[in-house]
Amino acid sequence: MGQCGITSSKTVLVFLNLIFWVEHEVDRSIQKVYKTYNGTNPDAASRAIDYVQRQLHCCGIHNYSDWENTDWFKETKNQSVPLSCCRETASNCNGSLAHPSDLYAEGCEALVVKKLQEIMMHVIWAALAFAAIQLLGMLCACIVLCRRSRDPAYELLITGGTYA
């Protein structure tokens with residue numbers, strides 16, 4: 001039981017460390033994925049970016065102008081961002097940078113980091129709850145052990161060389 005408490009404490013420390021590491025790793029990964037975006041549906045990176053932008057209501061890494069630095073933007077030469085950057089309320093949005101009010105203004109990196117940190121906090125709380133249950137179990141075991149040593153009703157019964 002004690003080993004589980006130690007393991008769960010180590011788990012909490014690992015996840016606390018991950019919270020600080022996540023932001024750097026997300027930044028590095030998201031930049032790489034944005035560089036490989038090609039706008040086609042079969043491409044996993046493109047689908048992932050479009051999905052994240054639609055679900056989190058964001059555009060680009062820091063904002064929609066980040067798209068101007070991508071190979072996809074330079075190759076298409078149409079001065080627009082992916083349609084997944086369009087606000088749901090914008091009816092005739094074509095991703096054009098000429099109409100920035102139709103686009104999500106917030107970048108995706110901060111929102112992805114925030115979501116990951118929320119998930120990790122839930123895991124940390126679960127690990128802390130598990131550790132608390134382990135400590136309660138150890139406390140109960142100690143109480144029983146202390147009472148056993150003082151109470152004559154808790155005598156060992158030895159029959160045939162084994163404990164009963």
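Predicted model: local features only at pLDDT ≥ 70, side-chain atom pairs only at ≥ 80, totals over all residues.
A search of the whole structure finds 3 disulfides.

Start with C58 and C108. Their sulfur atoms are joined, with an S to S distance of 2.0 Å. This bond links distant parts of the chain, 50 residues apart. C58 lies in the loop between α2 (44-56) and α3 (71-76), while C108 belongs to helix α4 (residues 108-150). The link is right-handed, with 95° about the S-S bond. Both C58 and C108 are buried.

Now step along to C59. A disulfide joins C59 to C85, again with S to S 2.0 Å. Here, too, distant parts of the chain are linked, 26 residues apart. C59 sits in the loop between α2 and α3, and C85 in the loop between α3 and α4. The torsion about this S-S bond is 85°, and the link is right-handed. C59 and C85 are both buried.

Next come C86 and C93. Their sulfur atoms are 2.0 Å apart and form a disulfide. The torsion about the S-S bond is about -70°, so this disulfide is left-handed. C86 has 12% relative accessibility, so it counts as buried. C93, at 17%, also counts as buried.

Count the bonded cysteines along the chain, and the pattern reads 1-6, 2-3, 4-5.

What about C140 and C146? The closest cysteine sulfur to that of C140 is in C142, 9.3 Å away, which is too far for a bond. For C146 the closest is also in C142, at 6.4 Å, again too far. A disulfide needs sulfur atoms within 2.5 Å. C140 is partly exposed, with a relative accessible area of 41%. C146 counts as partly exposed at 39%.

Note on methods:
Residues numbered from 1 in each chain as written. Heavy atoms only, no water. Helix = DSSP H or I, 4+ residues; strand = E, 2+ residues; numbered from the N terminus. Buried < 20%, exposed > 50% of the residue type's maximum accessible area, 1.4 Å probe, protein only.
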